[in-house]
Amino acid sequence: MTWLADAYPWLLALHIVAVIAWMAGMLYLPRLYVYHSEREPGGEADEMLKVMERRLLRLIVNPSMLLVFLTGGSLLLAPGAVDWASGWIYAKLALVLALAAVHGAFAAWRRGFADGRNRRSARFYRAVNEIPTLLMIGIVVLVVVKPF
């Protein structure tokens, strides 16, 4: 595992880039759902938003989440990178899993739009748009401050 220690700065840089891409998609996707829920099913805007949502999820959000988990997992294995006796790392990992669960919900809602089955309001999507932001704030505070 010494190669992980040598590769640590590169893995960390790639991890940060992947996190930024994942978060960009996680913040934009529910915003698209707000617009989509306000459109008439079967119309031109409905079809355009379906394409935008599918591409965003498949080309940016899904691959960047996978890269976050691969690079993050590698960083966790690097010798001395994490003090496993500290509680912050477990809280951080729990928030990352919560963000992945939100990602799964966003993907399910995209399928609902694609199949013409959306029953949620624009107000609902405006509210859930805040969840990734709150999780991100918690994750960043835990990583930087390491409060416990």
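A pocket is an open set of points on a 1 Å grid over the protein atoms alone, where a 1.4 Å probe fits and protein lies on both sides within 12 Å along at least five of seven lines; its lining residues have an atom within 4 Å of a point. The model is predicted, with local features needing pLDDT of at least 70, side-chain atom pairs counting only at pLDDT 80 or more, and totals for chains, interfaces and linings using all residues. Residues are numbered from 1 along each chain as its sequence is written, and side-chain values use heavy atoms, leaving out hydrogens and water.

In the largest pocket, 29 residues form the lining, and H15, V19, K92, I139 and V143 lie nearest the centre. Helix α1 (2–37) gives the most to this lining, with eight residues; helices here are DSSP runs (H or I) of at least four residues, numbered from the N terminus.

A volume is the space filled by probe spheres set on the grid points, which are joined across faces, edges and corners. Ala, Val, Leu, Ile, Met, Phe, Trp, Tyr, Cys and Pro count as nonpolar, Asp, Glu, Lys and Arg as charged, and the others, Gly among them, as polar.

| Pocket | Volume | Lining by class |
|---|---|---|
| Largest | about 730 Å³ | 24 nonpolar, three polar, two charged residues |

The lining of the second largest pocket includes H36, D46 and R119.

Finally, V141 sits in helix α5 (residues 131–145). V141 counts as partly exposed because its relative accessibility is 40%, between the limits for buried (under 20%) and exposed (over 50%), with a 1.4 Å probe and protein chains only.

Technical notes. Helices (H or I, at least four residues) and strands (E, at least two) are DSSP runs, numbered from the N terminus.
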